[in-house]
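Reader: I would like a close look at one part of this model, followed by an account of how the rest is put together. Please keep to what the coordinates give.

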Amino acid sequence: MTNDLWIHPSALFLTGALLLPLFRGKARKAFLLLVPLAAFVVVITLQDGIHGSVNFLEWGMSFGRVDALSRIFAFIMALMGFIGTLFALQVRNNVEHVAAWVYVAGSLGVILAGDYLALFLFWELMAFSSVFLVWARKTPASLAAGFRYLLIHGLGGIILLTGIVLHQQAAGGNFSFVPMDVTRLGAGGWLILIGFLLNAAAPPLHAWMPDAYGEGTPSGSVVMSAFTTKTAVYALIRGFTGLPLLLPLGVFMVLFGVIYAMLQNDARRLLAYHIISQVGYMVAGIGIGSGLAVSGACAHAFVNVLYKSLLFMGTGSILSMTGKSKFSELGGLYRKMPRTLVYTLIGGLSISAFPLFAGFVTKAMIVTAAFDKHFLFYAFLLSLASSGTFLSTTLKLTYLIWFGDSRCSEKTLEKAADPPGNMEAAMALTAFLCIFVGCYYPFLYNMLPYPFTYNPYSAYHLSETFQFMFFTVVGFFLMLPMFAPKPYLSLDWDWFYRIGARYFLRFMNFCFSRKETAGQAPRPSLEETIDRLLDYPGDFFRKAMLMASFLATGFMPSLANVREDPRSWLRNAAFPVGLSVFMAVFFLAVMSILFFL
Amino acid sequence: MTLVRLLEAMGKWRGNGLPVGLIVAGLLLIFEALFVNHDQAHTAMEKIPGFWSIFGFLSCVVIVFFSKWLAHVGILKPEDYYDE
């Protein structure tokens, strides 16, 4: 242990999560706000260096690496911990708060981890706590989506761990989490990359996200939208900056997310696809690898946490007030929820990179870096996708919920109203931060870890953005009838495991259970067939030996000469015990031969 | 509710979409012609006046039609598709 007193911000969240059930009433609300606030204060007072090193078995683990890169990510994560809790303040279910805090603790733990062991520990903590934010919705659909989420993240965890072990072997027993040699990754490096990309929701490893975020609780999805993917972006920046594969992958993510979002009927699934799209910009920036591009990726992750959670708060407010999140069941709500409209619109303009809003000062860093490095094709594709972002998150989302024809039932209309004070306060705070960062961008630029020079408010950039956005608006209104919502769902990669699992189950049923069909003899299952074959194995064995000896010698002994009936061996358990002993000795012999070879 | 009244007042402008759109487009082009220094452009085609207007409009059309095409080839399914 180090000598200085160093408090890990995750420790505050974890202790808070343990103590929360002890509080009631107003004290509980105060405690709910106090813990994230304290953690935020701890994070902004972090000193650069390596803290919290402990020895575990023969390895040193470090829980607190603080430098410019981890500081900016820890800053926004801790801030989001506070905003998320404020938004969820009226939630009575403690499970949701505890799960959210453990999840935030996991995310901060990953960001401050100095080695792969600590990273993996917190990485899994995130997966296993966030699933409760899906389950807390308590619907059959959320239960199923939660299990799928857990299975996929379990798989990702195993891939990551395998990669870590292989990488440690290749790196001479070194677990430290430092930039990889991206020209020679090795099997361990590639597996770690796959583990990270699964959490970054890179296709085809992305289907867990719209699935789970669409089914989470209103406040649970707000928290989830901020942490898992952005933690993965941090891990990618730390480990894989400059890996050429990430640029085309990022551009593909950007376009994939935008196009799939167009097909969505559920507002929160639409936003989940836009997370894929926005994370795509960051992944592309990491792939470009220049100072401007990687700083752009950090900055974009920073503002993405803000505006994406703001959008999820807006749609979460609709869901928690009306119980609806599908466009085909909403519409014309501007009289009922006008302030929610304003906050959501601010989130939408921020994600669309409208001047004076947060995304404007960050997205252009990555696109400009792509132009500067002469990736012209990719740079134009990144620009093209901006149009889709503006179309769905700002124009389509606000139009189909607040304007146009009302598709609400009477009950929905009756329940619709601006949400309670704490939810509105969380939205107002986030909306303020979106505009603050967009207007006073040196606040963000000064925190960025790599050197660059860039001025987002040049006349050229302003003119480009205004023209681009205005003609997207023109296109939207010209094609308005094509945006009419329909109650459909879109197939995605989860089709393979949702339908695949069904056929797997059928296959297993076919093999291992008896099918009773009326009027027919029951078909013996595979299990029964194998059973019959292995029944009295001694009998088969004896017959085989007799046949062998007959073939070898031409002499057929009478069965009566064999004194003992093998069935009695079986009854006395002599046969299975003998077989087990034989197998144990056999494998030990093989092992020892292999060992001495 | 002043906010609602403001929104309703804005709604009345909807009928004048065409003239308002033309005026805004004109202002954008004038702004580009007078104030924008094209040194920051990375390719020659960006120097065409109104390039980003055309690019924005085409992007929007491409994205909408591509997603419609995906829906057409069978990516969209009824909501009970996964129910057994």
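How do the residues of the lining of the second largest pocket divide into nonpolar, polar and charged?

Author: The model is a predicted one, and what follows should be read as a description of that prediction. The lining of the second largest pocket divides into 15 nonpolar, six polar and 17 charged residues. This pocket holds about 1,000 Å³ of space. It is lined by 38 residues, and those closest to its centre are A:R148, A:D211, A:E215, A:R498 and B:Y82. In chain A, at least two lining residues each are supplied by α6 (140-170), α8 (208-215), β3 (488-490) and α20 (494-512). The largest share belongs to α6(A), with eight residues.

As background, a negative phi is found in most residues other than glycine, and most peptide bonds are trans.

The largest pocket comes next. Its volume is about 1,600 Å³, and 39 residues line it. Closest to its centre are A:L395, A:V473, A:F477, B:M10 and B:R14. Elements of both chains supply at least two lining residues each: α13 (338-351), α15 (376-402) and α19 (459-478) from chain A, with α1 (2-11) and α2 (17-35) from chain B. Nine residues, the largest share of this lining, come from α19(A). By class, the lining of the largest pocket counts 30 nonpolar, seven polar and two charged residues. For the second largest pocket, the corresponding counts are 15 nonpolar, six polar and 17 charged.

The structure holds two cavities of 30 Å³ or more, and the largest cavity has a volume of about 100 Å³. Fifteen residues line the largest cavity, with A:G84, A:T85, A:A88, A:A100 and A:V223 nearest its centre. In chain A, α3 (68-87), α4 (94-112) and α9 (218-240) each give at least two residues to this lining. The largest share, five residues, comes from α4(A). Sorted by class, the lining of the largest cavity has eight nonpolar, six polar and one charged residues.

Two helix pairs complete the account. The angle between the axes and the distance between the axes describe two packed helices.

One pair joins the chains. Helix α10 (residues 246-262) of chain A packs on helix α3 (residues 51-75) of chain B at an angle of about 70°, and their axes are 9 Å apart. The two helices, α10(A) and α3(B), are therefore roughly perpendicular to each other. The crossing of α10(A) past α3(B) is right-handed. On the side of α10(A), the contact is made by A:V258, A:I259, A:Y260 and A:M262; on the side of α3(B), it is made by B:I63, B:V64, B:F66, B:S67, B:L70 and B:I75. This contact has nine nonpolar residues, one polar residue and no charged residues.

The other pair lies within chain A. The axes of α11 (residues 267-288) and α12 (residues 291-322) of chain A come within 9 Å and cross at roughly 175°. That angle makes α11(A) roughly antiparallel to α12(A). Among the residues of α11(A) that meet α12(A) are A:A267, A:L271, A:I275, A:Y281 and A:I288. Those of α12(A) in the contact include A:A293, A:A297, A:N304, A:L311 and A:L319. By class, the contact of α11(A) with α12(A) comprises 16 nonpolar, six polar and two charged residues.

Key: Residues numbered from 1 in each chain as written. Chains lettered and ligands numbered in written order. Predicted model: local features only at pLDDT ≥ 70, side-chain atom pairs only at ≥ 80, totals over all residues. Heavy atoms only, no water. Axes fitted to C-alpha atoms, helices over the stretch in contact; angles between N-to-C directions. Helix = DSSP H or I, 4+ residues; strand = E, 2+ residues; numbered from the N terminus. Parallel < 35°, antiparallel > 145°, perpendicular 65-115°, else oblique. Left-handed = near helix turned anticlockwise from the far one by under 90°. Contact = heavy atoms within 4.5 Å. Nonpolar A, V, L, I, M, F, W, Y, C, P; charged D, E, K, R; others polar. 1 Å grid on protein atoms, 1.4 Å probe; cavity = no way out; pocket = protein on both sides within 12 Å on 5 of 7 lines; lining within 4 Å. Points joined across faces, edges and corners; volume = space filled by probe spheres on them.
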